[in-house]
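Let's take a walk through this structure together. Have the sequence and the 3D view ready.

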Amino acid sequence: MKVLVPVKRVIDYNVKVRVKADGSGVDLANVKMSMNPFDEIAVEEAIRLKEAGKADEVVAVSIGVKQSQETLRTALAMGADRAILVIAADDVHQDIEPLAVAKILAKVVEEEQPGIVLAGKQAIDNDMNATGQMLSALLGWSQGTFASELDIEGDTAKVTREVDGGLQTISVKMPTIVTVDLRLNEPRYASLPNIMKAKKKPLDEKTAADYGVDVTPRLEIVKTDEPAARAAGIIVGSVDELVEKLKEAGAV
Amino acid sequence: MAVLLLAEVNNGELAMDATAKAVNAAKALGDITILAAGGSAAAAGEAAAKIDGVSKVLVAEDASLGHRLAESTATLIVGLADGYEHIVAPATTDAKNVMPRVAALLDVMVISDASGVVDGSTFERPIYAGNAIQTVKSNDAKKVITLRTASFDAAGEGGAAPVETVSVPGSDGLSSWVEDKVAASDRPELTSAGVVVSGGRGVGSEEDFKLIEGLADKLGAAVGASRAAVDSGYAPNDWQVGQTGKVVAPDLYVAVGISGAIQHLAGMKDSKIIVAINKDEEAPIFQVADFGLVADLFQAVPELTEKLG
Ligand SMILES: Cc1cc2nc3c(=O)[nH]c(=O)nc-3n(C[C@H](O)[C@H](O)[C@H](O)COP(=O)(O)OP(=O)(O)OC[C@H]3O[C@@H](n4cnc5c(N)ncnc54)[C@H](O)[C@@H]3O)c2cc1C
Ligand SMILES: Cc1cc2nc3c(=O)[nH]c(=O)nc-3n(C[C@H](O)[C@H](O)[C@H](O)COP(=O)(O)OP(=O)(O)OC[C@H]3O[C@@H](n4cnc5c(N)ncnc54)[C@H](O)[C@@H]3O)c2cc1C
């Protein structure tokens, strides 16, 4: 079985995000970019499936600017076998919407015929939480979202999902799309020898046009603002003072 | 212009708070029809009919809709989509599972977690863990939207909308439910509670989380946690507050032993009053706190619990 893992290049989660003064968006020039943390978890799970003998090949795919190949090299260094880069934008500030990403991924799936697609639950830049579900819809496949446990048994998979009420376990028919949540696993770091080896692994370069997908956004960005700042608070000296302040504020 | 609103139904019961907040958020968009779908949903439909501003309620009951499996629920909604310009739902994990699937089947983009409705096609939504608010205008014929409940007040009750039953396409056999692991609790639900007390890694263990729970019970509060506390096994996953957990905006939020990483702040910084208890005066949580107490939580929390008597 082949595993397809879509990985997105996003602003590193430690970087303090700066909204551009003209309201046109977030400044992404010269900031550290990394693999979306959820996608690291997806890559890790794919590699574990291979190590457990349940998968024989792990293919990573990224859609975006040319620099996304760095993200793919990270996936290869972690242990993916090969990578596909679909260039769909020439400026990092131009993000591709989940619907367009899903349409491109659907074509990649048609070509690659994976038994499972492991995606992140959400990308930490746009926080849409949508791509996996959209891909599943386009393919008419089953979906297991927000997975904290995955167990593939023949032509079905058991997926335990993190939901508002706690945990839900469902059984999905293979092939399937699983989107991964934080507690599925702890991703490994790539070792130096593996980083070197990754440079020689195959990385195919395509464009959105190769797949005949129109990536024109459906959502127009009107403006991007800083959120309202909170008024400065005070430091209290004791629990007694805290109780007093809370009573004054009518909070208790 | 008409709105189809997917009610939040859990095991046959309407989640009134989440649904009523979505109704209030969507009322400017047009006439609201509520869809109550589930293995059993009639009672939820009756309850939803009482929400102010609802014109009609559709009830869809079928085993295939039980446990809100995404595939069957999305097929049902797409079958009903004609005649509605907006298809909306409160941004719960259920809706986040279903609505992007609905959008893709309709060949439109989904607008996730909208925190503001500007007009019929323009919406605000937080991006980058709430570090920026983006205003987006949809050029799609239909708008599929999930609404961040923490950003809206609940619509009142007192209506009496007519309730109709709709037929259900049935199961496509793609997925089936196995089990739920839900911890029963007498505490208020996290996303609708007026007071939330959250613990972080600083609490140190599952046992010591009892301190947090004790303070919460004294305040009639829900209990929350940071990701680090959940990852370390001190607290269950459904208590996680933050960018990738639940978003809350209670009247009072008490953060104990939480450093205040942006991913955590994303889930609670719209709370009315924030209290932080942390032994490190440099902790970023103090930057958003109205009242900060630099103290060891193992002394401060029991003392606070006692003195709130
Ligand atoms: C600076 C900036 C400019 C923007 N400009 C525009 C604009 O001009 N017009 C417009 O309409 N929208 C614009 N957007 C918004 C943007 O198009 C969507 O809101 C965004 O794509 C939301 O999706 P997400 O990345 O959060 O995906 P999610 O659905 O949250 O991603 C989930 C998972 O899908 C997979 N995935 C997602 N994307 C990719 C990818 N590219 N490659 C491989 N795998 C992927 C990953 O596994 C990921 O973990 C802009 C956004 C930004 C930040
Ligand atoms: C993709 C991604 C998504 C994430 N999503 C979320 C999310 O949704 N929610 C979330 O919370 N985090 C999230 N995080 C994690 C986040 O970045 C932080 O790691 C996390 O919030 C830290 O939790 P904490 O504050 O409990 O722990 P720490 O940062 O370790 O802080 C512990 C605090 O406790 C204090 N302390 C220790 N002992 C005591 C004592 N005895 N008395 C008083 N104070 C004490 C310390 O001074 C410290 O400030 C996410 C991270 C990533 C990468």
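We'll start with how the two chains meet and then turn to a ligand.

First, some ground rules: this is a predicted model, where local features need pLDDT of at least 70, side-chain atom pairs count only at pLDDT 80 or more, and totals for chains, interfaces and linings use all residues. Residues are numbered from 1 along each chain as its sequence is written, chains are lettered from A and ligands numbered from 1 in the order in which they are written, and side-chain values use heavy atoms, with hydrogens and water left out.

On the chain A side, D164(A), R218(A) and R230(A) lose the most area to chain B.

R218(A) also forms a salt bridge with D107(B), their closest N and O atoms being 3.1 Å apart. Such a bridge puts a side-chain nitrogen of Lys or Arg within 4 Å of a carboxyl oxygen of Asp or Glu. The count between the two chains is six salt bridges.

Now look for ligand 2, which lies between chains A and B. A polar side-chain atom of Q240(B) sits 2.7 Å from one of the ligand's oxygen atoms, while a polar side-chain atom of T244(B) is 2.7 Å from a nitrogen atom of ligand 2.

Conventions. Near = heavy atom within 4 Å. Polar contact = N/O pair within 3.5 Å; in protein donor to acceptor, adjacent residues only side chain to side chain. Buried area = accessible area lost by both parts, 1.4 Å probe.
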